[in-house]
Amino acid sequence: MSHSKAKKPIRALCLALALLTLSACGGSEAAPEESALLGMPGEELGIGEAADAVFSLNYNSQASLNPYATDDTDNLLISQLVYDNVFELDDDFNLTSRILEDWEVSANGAYWTFTVKEDIPMHDGSELTAYDVAYSISLARRTDRYSGRFQCMYGASASDERTFHISTTKAHRLIPYLLTVPVVKDGSASQTRPAGTGPYMYVEDADYIEAFPGYGSSVPVERIYMKEYTGAENIIAAFENSYIDLVVNDASGASNIGYGGNTETRWYNTLNMHYIGFNMESDMVSNPSVRYALSLAVDRQTAADSYMKDGATAAALPISPASPLYNGELASQLNYNLSLCAQVLEGAGVSDMDNDGRLEQLYASQLRDFELDLIVCSQSSGKGDVCNRFAEDMDSLGVTVNVRELSWSDYLSALHGDDLDGDGQPDVHFDMYYAEVKLGADFDLTALLTEEGSLNYGGITDSSYATYINDYLAADDLTRSSESYELLRYIAANAPIIPVCFERHEVITHRNVITGMNVTANNVFFNISDWTITFSDEDREEK
């Protein structure tokens, strides 16, 4: 079997990805683009220059290459080439698996059985077993990066070489969508370079990974070299000089790096949702009609296109627009509409009652100005701009919104209601907050919207959310669409949060060097067997 699509063996590939973890601040479509390919406008397409005739990625020699023992984004990107995920999920939310041949759930929706394919070799010469897969899922449950998605899982265990099981605390028929986690050798948690089943394998003490002969499909290069650059300026220079050949960038994040040169950008959808939350203990926003009105004053499209630098997709519902469960008709009822916002506010008792040009409301038989405090983390690109635009629009309606941009530590302290001065009150008052969260591919909103939810910073106590969420998670293929609609309809009407957008990240390569890429959020190298890597004629001659 041939492993290379290049005309001559080349050696190496790739770099840098920033997978957001759950956070309120982040380091985390009408027709969503699938790995949309964007180039530098006005330039003639040409072959990118390669400085060293090898394909390489950045690497941190001080960090582990074990995907369950490191948070280094460079090394995690390398690991995507070495390990198969239990399941893969493409940009259209299609679910596939290279290592599983079957999976089924019990009638009560709380017990899953998975069957591992036979004769899948691992890099150490052994054959993949259900024990390896169950072990890997158990490791994932214990890591900060993945643990949030497994809150309702009791555990994973193998019953024989081919079969493993997962049990859950409640009916959950979307468990496979959460299993986009890498598979490592059973018992390898302490190893720096554990064996996997992916298209490439680690070579002991080497500065490259090598094509795995047992993978069963071709790969574009025989070796992918690991090179080490630190600091934004050095990484940019290494990429622009083609010493590293692929980078992943969060255009809307605080870590956004600007790459120049003759490049191509492919966007992929993520599950990182930006939203505005409410402090339910604030009587200013305790009325659902008021919250619904405020949701009409968020210009999501401008937020996604301008403030997030095209690095997001506008979303009026807490589910990715790329998902088939996103309901465009329902979302349209939340479109940016300041006139309608003013009408709904008036119907909720918020209007200019004293003819001073500002809106008031009656509270305890007293007339008071309708004024809101909105907090946002100051360290995140674009988010403050979204909040300030919201404040400007509300000011045009006669509502004052005080935007307070806080440091990350102060922002977290405010969300948790810390009382550091001991006066019995939270140190920072807020009516609204801007946040970001990385959702699971099942779009389980339990952590956000239920009373005991770990991300319920606004103090939501409405038990109906849990009922709707659980009915949706328990739904089978025939009823899932209707159950998700009922959940989204209830959220839209009561507006416990205001979804703003879902992030898109970019994979940047040199112009016309790679073709055939189909990038996904969980795996930059999702279809690497279909890639072709082409160096310039000059580089071929040098080799």
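Which residue forms a salt bridge with Asp477? Select Asp477 and Arg480 together: Arg480 is the partner, and the closest N and O atoms are 2.9 Å apart. Keep in mind that this is a predicted model. Asp477 counts as exposed, at 66% relative accessibility, whereas Arg480 is buried, at 11%.

Next stop: Arg358 and Asp395. Their side chains form a salt bridge, N to O at 3.0 Å. Follow the chain from each end and you'll find that the pair joins distant parts of it: Arg358 sits in the loop between α8 (338-347) and β15 (360-363), while Asp395 belongs to helix α9 (residues 383-396), 37 residues apart. Arg358 has a relative accessible area of 25%, so it is partly exposed. Asp395 is partly exposed too, with 43%.

Last, select Arg162 and Glu127. Here the salt bridge spans 3.5 Å, N to O. This pair also links distant parts of the chain, 35 residues apart: Arg162 is in the loop between β7 (153-158) and β8 (163-168), and Glu127 is in the loop between β6 (111-116) and α2 (130-141). Is Arg162 buried or exposed? Arg162 is buried, because its relative accessible area of 17% falls under the 20% cut-off. Glu127, at 33%, is partly exposed.

Note on methods:
Residues numbered from 1 in each chain as written. Predicted model: local features only at pLDDT ≥ 70, side-chain atom pairs only at ≥ 80, totals over all residues. Heavy atoms only, no water. Salt bridge = Lys/Arg side-chain N within 4 Å of Asp/Glu carboxyl O. Helix = DSSP H or I, 4+ residues; strand = E, 2+ residues; numbered from the N terminus. Buried < 20%, exposed > 50% of the residue type's maximum accessible area, 1.4 Å probe, protein only.
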